[in-house]
Amino acid sequence: MDTRRALLDALADGPVSGPALAADLDVSRAAVWKAVEALREEGFAVESTTDGYAAPADPAYCAAGIEFGLDAPYAVEHHDSLTSTNDRARELAAEGAEDVAVVADAQTGGRGRLDREFIAPRGGVWLSLLTRPTAPPARAPLFTLAAAVATVDACREAGVDAHIKWPNDVLVGSDEDGGNASGGSGRGGRKLAGILTEMEGEADRVSWLVVGVGVNANVDPETLPAGATSLRAETGGDVDRRRLAATLLERFATLAETADRSDRTLAAWRDRASTLGRRVRVETPSGPVTGTAVDVESPGALVIDTDDGTRRVHAGDCEHLRDADD
Ligand code: BT5
C-alpha cells in the first residue's frame, strides 16, 4: 500500500504522532511530513494537534476525503472540471490502470446513453469507476445493475427514498404525484441519477469496465432538464457528497465482489426497483415492446408478459404506463 493511503488509514483511527507514523509505515519522518503536506494540498486539511496529526473534523469532497476511511479497494482521482469522467476513466484504462474512481466537480461534456447529453453542473456527484473484473463481456450488465443498487442505497442514506427504473435510472416519487394534467409523464418519477457503463472486452473476458454514475446532489433542478430533481431539492438542504460517493463505492465493491453470483445483485436490484409489476413500453432497437414487467433476469434482461407471450429485452428506454395508456 502506498504511504498516502496508509497515512489516511492511520488517521482514520485517531491522532497519531509523526515519529509513530514513520515507524508504523516504515518510512522516514521526512516522508511522513511530505505525505501530510501532499494531503493538505489536495484539500484534506490534516490538523497538527498536541497528540500529533489528526484528520479534519469535516473532510472535504476531494480525493483524499473520499478515500479517508473508505472500505473499498479503489483509489480516487478528483478534478475540478472535466469533459466527462467516463472519458478520463477510459484514458486511464488505456494507460493500464484499474480500480480508480474518477470524480469531477463539474462536467462540460457529460454523456448519457446513445450519446445523449447529460447535464452535470457544480454540486453534483459525477463519478466513473474503472475496474477490470474477471468476467465475460456478456455479464457486464450485472455491473450496471450493481451500480444502480449502490446509487439507490447512497441516496437513501442521504435521506431520499430513491428507486430504480429499468435499466438504470434512479428516480424519486412516481408519475402520479407529479400532479400534471395529463396524469404523468411515463418517466416513473423524477430523475435523480443516471448510469452509463462502457467497456472493452475480448471474446471471453472483460478487459476494462467503466461504470459512470451521475447523481444530482447539491444541484438546483432549474439548471437540469425537465423531469429531473436533486437530493438538495428533495431534502431541503445540502447533502454530504463525500459520504455519498464513499457509500456508493463501498456498496458497489461488495456487489462486484460476488458478481459471479448474480443472484445477489439481482435480488438487491428487484428489491429496489419500481418497474416490476408495472405496465411498460420499452423502445428497443427492434421496435417497441408493451406489456407487464414481471422480472429481471441475469445479466440484466427485463422479462415482459405481452399479448404475444413472454419477451426478454436487453436494452432500450422504458416507459411506465398507466393502465389506460396502451
Ligand atoms: C443516463 O443516460 O442517464 C446516464 C447518465 C450517466 C452520467 C454519468 S456522470 C459521470 C459519467 N460521466 C459521463 O459523461 N457520464 C456518466 P440516459 O438514460 O440516456 O439519459 C439521458 C437523458 O437524461 C437526457 O437525454 C436528458 O433527458 C436527461 N438528463 C440529462 N441530464 C440530466 C440530469 N443531470 N439529471 C436528470 N436527467 C438528466
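This is a predicted model: local features need pLDDT of at least 70, side-chain atom pairs count only at pLDDT 80 or more; totals for chains, interfaces and linings use all residues.
Residues are numbered from 1 along each chain as its sequence is written, and side-chain values use heavy atoms, with hydrogens and water left out.

Two packed helices are described by the angle between their axes and the distance between the axes. The table gives both values for this pair; axes are lines fitted to C-alpha atoms, for helices over the stretch in contact, and angles run from 0 to 180 degrees between N-to-C directions.

| Helix pair | Angle | Axis distance |
|---|---|---|
| α6 (residues 140–157) and α9 (residues 262–272) | about 45° | 9 Å |

The crossing of α6 past α9 is left-handed, meaning that the near helix is turned anticlockwise from the far one by less than a right angle. Which residues meet here? On the α6 side, they include Leu142, Leu145, Val149 and Val152, and on the α9 side, Leu266, Ala268 and Trp269 are among them. The residues of this contact divide into 9 nonpolar, 2 polar and 3 charged. Here Ala, Val, Leu, Ile, Met, Phe, Trp, Tyr, Cys and Pro count as nonpolar, Asp, Glu, Lys and Arg as charged, and the others, Gly among them, as polar.

Now to the start of the chain. Helix α1 (residues 3–12) has Arg5, Ala6, Leu7, Leu8 and Leu11 as its buried residues, where buried means under 20% relative accessible area and exposed over 50%, with a 1.4 Å probe and protein chains only. Their cover includes α2, α3 (29–42), β2 (52–54), α4 (63–67) and β3 (75–82). Just after α1 comes Gly14, with a positive phi of about 120°.

Helix α2 (residues 18–25) holds Ala23. Is Ala23 buried or exposed? Its relative accessibility is 58%, so Ala23 counts as exposed. Between Ala23 and Ser81 there are 38 Å in space, C-alpha to C-alpha, and the two are 58 residues apart in sequence.

Finally, the whole protein. There are 9 helices and 14 strands, taken as DSSP runs (H or I, at least four residues, for helices; E, at least two, for strands) and numbered from the N terminus. Buried residues make up 50% of the 326 residues. The C-alpha trace spans about 75 × 45 × 30 Å along its principal axes.

Methods:
Contact means heavy atoms within 4.5 Å.
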